[in-house]
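Here is a short report on salt bridges and helix packing. Keep the sequence and the 3D view open while reading.

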Amino acid sequence: MPRTGDDQGDTDASSHVVPPRASGIGGANPVAKLGAALFLAAVLLLSIDWVSATIALALELVLFCFAGLTLRRFFLRTWPVLVAAPLTGVTTLLYGRASGEMHLQWGLVQISDGSIDLAIATCIRVLAIALPAVVLFITIDPTDLADGLAQVVRLPHRFVIGALAAFRLVGLFVDDWRAMSLARRARGLGDQHVLRRFLGMGFAMLVLSIRRGTKLATAMEARGFGALPHRTWARESRFGRRDAALVVAVCLIAIAAIVTSVATGNWNFIIGGGRESVTA
(Lines give C-alpha, C1' and ligand atoms only; values in the text may rest on other atoms or scores of the structure.)
Protein backbone atom coordinates (compact mmCIF):
# COMPACT_ATOMS: atom_id res chain seq x y z
CA MET A 1 0.00 0.00 0.00
CA PRO A 2 1.58 3.33 -1.04
CA ARG A 3 2.25 5.85 1.67
CA THR A 4 0.68 9.27 1.66
CA GLY A 5 2.66 12.47 1.86
CA ASP A 6 1.97 12.80 5.59
CA ASP A 7 3.12 9.25 6.26
CA GLN A 8 6.24 9.86 4.23
CA GLY A 9 7.03 13.01 6.17
CA ASP A 10 6.50 11.28 9.51
CA THR A 11 8.78 8.42 8.47
CA ASP A 12 11.52 10.76 7.30
CA ALA A 13 11.33 12.78 10.49
CA SER A 14 11.56 9.72 12.71
CA SER A 15 14.48 8.26 10.72
CA HIS A 16 16.59 11.30 11.46
CA VAL A 17 16.16 11.13 15.22
CA VAL A 18 19.64 10.83 16.71
CA PRO A 19 19.93 9.30 20.19
CA PRO A 20 21.39 11.66 22.76
CA ARG A 21 25.08 11.24 23.47
CA ALA A 22 26.37 10.51 26.93
CA SER A 23 27.54 13.39 29.06
CA GLY A 24 31.20 14.26 29.65
CA ILE A 25 33.92 12.13 28.17
CA GLY A 26 31.44 9.27 27.98
CA GLY A 27 30.03 10.91 24.86
CA ALA A 28 33.40 11.33 23.16
CA ASN A 29 34.13 9.71 19.84
CA PRO A 30 35.00 6.00 20.27
CA VAL A 31 38.19 6.56 18.30
CA ALA A 32 39.32 9.14 20.86
CA LYS A 33 38.53 6.73 23.72
CA LEU A 34 40.39 3.89 22.04
CA GLY A 35 43.42 6.05 21.26
CA ALA A 36 43.51 7.53 24.75
CA ALA A 37 43.39 4.12 26.44
CA LEU A 38 46.08 2.63 24.18
CA PHE A 39 48.40 5.64 24.52
CA LEU A 40 48.16 5.72 28.30
CA ALA A 41 48.76 1.96 28.53
CA ALA A 42 51.80 2.21 26.25
CA VAL A 43 53.34 4.99 28.37
CA LEU A 44 52.78 3.15 31.65
CA LEU A 45 54.30 -0.02 30.21
CA LEU A 46 57.62 1.76 29.69
CA SER A 47 58.50 1.75 33.38
CA ILE A 48 57.81 -0.29 36.52
CA ASP A 49 57.78 2.20 39.37
CA TRP A 50 55.17 3.23 41.87
CA VAL A 51 55.61 6.99 41.38
CA SER A 52 54.55 7.22 37.73
CA ALA A 53 51.71 4.73 38.27
CA THR A 54 50.46 6.60 41.35
CA ILE A 55 50.50 9.99 39.62
CA ALA A 56 48.70 8.54 36.60
CA LEU A 57 46.10 6.78 38.73
CA ALA A 58 45.39 9.88 40.84
CA LEU A 59 44.88 12.04 37.74
CA GLU A 60 42.76 9.33 36.12
CA LEU A 61 40.43 9.33 39.11
CA VAL A 62 39.92 13.05 38.57
CA LEU A 63 39.20 12.40 34.89
CA PHE A 64 36.67 9.69 35.81
CA CYS A 65 34.56 12.35 37.52
CA PHE A 66 33.72 13.67 34.03
CA ALA A 67 32.84 10.24 32.61
CA GLY A 68 29.16 10.57 33.51
CA LEU A 69 29.12 7.33 35.53
CA THR A 70 27.50 6.74 38.88
CA LEU A 71 29.54 5.14 41.64
CA ARG A 72 27.37 2.03 41.51
CA ARG A 73 27.94 1.53 37.78
CA PHE A 74 31.62 2.30 38.15
CA PHE A 75 32.17 -0.38 40.79
CA LEU A 76 29.94 -2.90 39.02
CA ARG A 77 32.05 -2.63 35.87
CA THR A 78 35.49 -2.33 37.45
CA TRP A 79 35.28 -4.81 40.35
CA PRO A 80 37.21 -7.52 38.44
CA VAL A 81 40.11 -5.08 38.04
CA LEU A 82 39.88 -3.99 41.68
CA VAL A 83 40.12 -7.65 42.72
CA ALA A 84 42.78 -8.73 40.21
CA ALA A 85 45.22 -5.89 40.96
CA PRO A 86 45.83 -6.79 44.66
CA LEU A 87 46.11 -10.47 43.74
CA THR A 88 48.76 -9.59 41.18
CA GLY A 89 50.61 -7.59 43.80
CA VAL A 90 50.50 -10.49 46.29
CA THR A 91 51.87 -12.90 43.69
CA THR A 92 54.70 -10.52 42.87
CA LEU A 93 55.40 -10.01 46.57
CA LEU A 94 55.77 -13.74 47.24
CA TYR A 95 57.52 -14.86 44.07
CA GLY A 96 59.16 -11.70 42.71
CA ARG A 97 62.89 -11.32 42.23
CA ALA A 98 64.57 -10.89 45.59
CA SER A 99 66.83 -7.90 46.17
CA GLY A 100 67.89 -5.82 49.16
CA GLU A 101 67.16 -6.93 52.70
CA MET A 102 65.46 -10.34 52.98
CA HIS A 103 62.44 -10.40 55.33
CA LEU A 104 61.08 -13.91 54.76
CA GLN A 105 62.36 -16.93 52.87
CA TRP A 106 60.47 -20.23 52.77
CA GLY A 107 60.91 -22.48 49.75
CA LEU A 108 60.02 -20.52 46.63
CA VAL A 109 58.56 -17.69 48.71
CA GLN A 110 61.01 -14.82 49.10
CA ILE A 111 59.92 -11.48 50.52
CA SER A 112 62.53 -8.74 50.31
CA ASP A 113 62.70 -4.98 49.92
CA GLY A 114 62.89 -5.40 46.14
CA SER A 115 59.85 -7.69 45.93
CA ILE A 116 57.82 -5.33 48.16
CA ASP A 117 58.61 -2.33 45.94
CA LEU A 118 57.88 -4.36 42.81
CA ALA A 119 54.58 -5.63 44.23
CA ILE A 120 53.38 -2.13 45.08
CA ALA A 121 54.40 -0.80 41.66
CA THR A 122 52.76 -3.72 39.86
CA CYS A 123 49.48 -3.39 41.74
CA ILE A 124 49.18 0.34 41.12
CA ARG A 125 50.25 -0.01 37.51
CA VAL A 126 47.56 -2.64 36.83
CA LEU A 127 44.95 -0.25 38.20
CA ALA A 128 46.34 2.70 36.22
CA ILE A 129 46.27 0.72 32.95
CA ALA A 130 43.07 -1.29 33.31
CA LEU A 131 40.69 1.22 34.93
CA PRO A 132 40.83 3.80 32.08
CA ALA A 133 40.29 1.06 29.52
CA VAL A 134 37.21 -0.24 31.34
CA VAL A 135 35.75 3.21 32.04
CA LEU A 136 36.30 4.48 28.50
CA PHE A 137 34.93 1.36 26.85
CA ILE A 138 31.76 1.14 28.96
CA THR A 139 29.93 3.66 26.77
CA ILE A 140 31.34 2.54 23.40
CA ASP A 141 28.80 1.14 20.97
CA PRO A 142 30.34 -1.27 18.42
CA THR A 143 28.53 0.43 15.55
CA ASP A 144 29.80 3.86 16.62
CA LEU A 145 33.32 2.46 16.89
CA ALA A 146 33.09 1.01 13.39
CA ASP A 147 31.82 4.34 12.05
CA GLY A 148 34.73 6.14 13.70
CA LEU A 149 37.37 3.71 12.45
CA ALA A 150 36.09 3.96 8.89
CA GLN A 151 35.37 7.70 8.76
CA VAL A 152 37.93 9.21 11.16
CA VAL A 153 40.86 6.79 10.98
CA ARG A 154 40.07 5.95 7.33
CA LEU A 155 40.44 2.21 7.71
CA PRO A 156 39.10 0.13 4.79
CA HIS A 157 35.33 0.11 5.20
CA ARG A 158 34.95 -3.47 3.96
CA PHE A 159 37.25 -4.70 6.73
CA VAL A 160 35.58 -2.53 9.39
CA ILE A 161 32.03 -3.54 8.49
CA GLY A 162 33.01 -7.19 8.20
CA ALA A 163 34.62 -7.10 11.65
CA LEU A 164 31.51 -5.43 13.08
CA ALA A 165 29.26 -8.10 11.57
CA ALA A 166 31.49 -10.84 12.98
CA PHE A 167 31.39 -9.22 16.40
CA ARG A 168 27.60 -9.11 16.27
CA LEU A 169 27.52 -12.87 15.64
CA VAL A 170 29.50 -13.83 18.76
CA GLY A 171 26.35 -13.99 20.84
CA LEU A 172 24.70 -16.26 18.27
CA PHE A 173 27.60 -18.71 18.46
CA VAL A 174 27.15 -18.96 22.22
CA ASP A 175 23.44 -19.72 21.76
CA ASP A 176 24.20 -22.25 19.01
CA TRP A 177 26.73 -24.04 21.21
CA ARG A 178 24.20 -24.28 24.05
CA ALA A 179 21.42 -25.50 21.76
CA MET A 180 23.71 -28.06 20.13
CA SER A 181 24.82 -29.34 23.53
CA LEU A 182 21.21 -29.77 24.66
CA ALA A 183 20.28 -31.51 21.41
CA ARG A 184 23.16 -33.99 21.69
CA ARG A 185 22.29 -34.70 25.31
CA ALA A 186 18.65 -35.34 24.35
CA ARG A 187 19.88 -37.91 21.81
CA GLY A 188 22.06 -39.56 24.45
CA LEU A 189 25.37 -38.30 23.05
CA GLY A 190 26.33 -35.82 25.74
CA ASP A 191 27.40 -37.91 28.71
CA GLN A 192 30.41 -39.85 27.41
CA HIS A 193 33.70 -39.15 25.67
CA VAL A 194 34.06 -35.51 26.64
CA LEU A 195 37.02 -34.86 24.33
CA ARG A 196 35.31 -36.52 21.34
CA ARG A 197 32.14 -34.55 22.04
CA PHE A 198 34.08 -31.29 22.19
CA LEU A 199 35.89 -31.98 18.90
CA GLY A 200 32.63 -32.98 17.20
CA MET A 201 30.81 -29.89 18.37
CA GLY A 202 33.77 -27.72 17.43
CA PHE A 203 33.75 -29.09 13.87
CA ALA A 204 29.99 -28.61 13.63
CA MET A 205 30.36 -25.01 14.83
CA LEU A 206 33.09 -24.44 12.22
CA VAL A 207 30.83 -25.66 9.42
CA LEU A 208 27.93 -23.59 10.76
CA SER A 209 30.07 -20.46 11.00
CA ILE A 210 31.32 -20.85 7.41
CA ARG A 211 27.78 -21.27 6.09
CA ARG A 212 26.48 -18.34 8.12
CA GLY A 213 29.42 -16.15 7.08
CA THR A 214 28.84 -16.96 3.41
CA LYS A 215 25.15 -16.09 3.64
CA LEU A 216 25.89 -12.90 5.57
CA ALA A 217 28.54 -11.81 3.05
CA THR A 218 26.12 -12.37 0.17
CA ALA A 219 23.35 -10.46 1.93
CA MET A 220 25.65 -7.54 2.82
CA GLU A 221 27.00 -7.37 -0.74
CA ALA A 222 23.44 -7.33 -2.11
CA ARG A 223 22.58 -4.44 0.20
CA GLY A 224 25.55 -2.37 -0.93
CA PHE A 225 27.77 -2.69 2.15
CA GLY A 226 30.79 -3.22 -0.11
CA ALA A 227 30.09 -0.31 -2.45
CA LEU A 228 33.17 0.85 -4.31
CA PRO A 229 34.88 3.23 -4.63
CA HIS A 230 32.77 5.25 -2.18
CA ARG A 231 29.91 4.50 0.16
CA THR A 232 27.55 6.56 2.25
CA TRP A 233 27.11 6.36 6.02
CA ALA A 234 23.88 6.52 7.96
CA ARG A 235 25.59 8.25 10.88
CA GLU A 236 28.42 10.72 10.50
CA SER A 237 31.37 10.29 12.88
CA ARG A 238 33.19 13.49 13.79
CA PHE A 239 36.26 14.23 15.85
CA GLY A 240 35.30 17.38 17.77
CA ARG A 241 36.45 19.53 20.64
CA ARG A 242 35.38 17.09 23.32
CA ASP A 243 37.38 14.33 21.64
CA ALA A 244 40.46 16.54 21.32
CA ALA A 245 40.10 17.56 24.98
CA LEU A 246 40.11 13.90 26.04
CA VAL A 247 43.26 13.18 24.05
CA VAL A 248 44.99 16.28 25.43
CA ALA A 249 44.00 15.36 29.00
CA VAL A 250 45.43 11.85 28.62
CA CYS A 251 48.66 13.24 27.14
CA LEU A 252 49.01 15.63 30.11
CA ILE A 253 48.47 12.71 32.51
CA ALA A 254 51.22 10.72 30.80
CA ILE A 255 53.62 13.69 30.79
CA ALA A 256 52.96 14.45 34.45
CA ALA A 257 53.58 10.81 35.41
CA ILE A 258 56.86 10.61 33.50
CA VAL A 259 58.20 13.98 34.63
CA THR A 260 57.41 13.30 38.30
CA SER A 261 58.97 9.84 38.17
CA VAL A 262 62.14 11.11 36.49
CA ALA A 263 62.42 14.08 38.85
CA THR A 264 62.22 11.83 41.91
CA GLY A 265 64.72 9.34 40.48
CA ASN A 266 62.25 6.44 40.38
CA TRP A 267 61.97 6.04 36.61
CA ASN A 268 62.63 2.38 35.77
CA PHE A 269 62.87 1.96 32.02
CA ILE A 270 62.15 -1.72 31.44
CA ILE A 271 63.09 -1.89 27.73
CA GLY A 272 66.66 -3.02 27.34
CA GLY A 273 66.70 -5.04 30.57
CA GLY A 274 68.00 -3.58 33.81
CA ARG A 275 67.05 -0.60 35.90
CA GLU A 276 67.76 2.90 34.77
CA SER A 277 67.13 5.40 37.52
CA VAL A 278 67.28 8.94 36.27
CA THR A 279 67.95 11.72 38.70
CA ALA A 280 67.15 15.33 38.05
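D176 counts as buried, because its relative accessibility is 18% (buried means under 20% relative accessible area, exposed over 50%, partly exposed in between, with a 1.4 Å probe and protein chains only). The model is predicted: local features need pLDDT of at least 70, side-chain atom pairs count only at pLDDT 80 or more, and totals for chains, interfaces and linings use all residues. Residues are numbered from 1 along each chain as its sequence is written, and side-chain values use heavy atoms, with hydrogens and water left out.

**Salt bridges**

The side chain of D176 forms a salt bridge with that of R212, at 2.8 Å from N to O. D176 sits in helix α8 (residues 170-186) and R212 in helix α9, so the pair ties together parts 36 residues apart in sequence. Helices here are DSSP runs (H or I, at least four residues), numbered from the N terminus. R212 is partly exposed, at 24% relative accessible area.

A salt bridge is a side-chain nitrogen of Lys or Arg within 4 Å of a carboxyl oxygen of Asp or Glu. By this rule there are five salt bridges.

D147 is buried, at 11% relative accessibility. R235 is partly exposed, at 35%. A network of salt bridges links D144, D147 and R235.

What of E236 and R238, buried or exposed? E236 is exposed, with a relative accessible area of 59%. R238 is exposed too, at 58%.

**Helix packing**

Two packed helices are described by the angle between their axes and the distance between the axes. Helix α3 (residues 50-64) packs with helix α5 (residues 113-138) at about 30 degrees, and their axes are 8 Å apart. Axes are lines fitted to C-alpha atoms over the stretch in contact, and angles run from 0 to 180 degrees between N-to-C directions. That makes α3 roughly parallel to α5 (an angle under 35 degrees).

The contact (heavy atoms within 4.5 Å) includes W50, L57 and F64 of α3. Among its α5 residues are I120, R125 and L131. The contact residues divide into 13 nonpolar, one polar and two charged.

Methods
Helices (H or I, at least four residues) and strands (E, at least two) are DSSP runs, numbered from the N terminus. Angles under 35 degrees count as roughly parallel, over 145 as roughly antiparallel, 65 to 115 as roughly perpendicular and the rest as oblique. Ala, Val, Leu, Ile, Met, Phe, Trp, Tyr, Cys and Pro count as nonpolar, Asp, Glu, Lys and Arg as charged, and the others, Gly among them, as polar.
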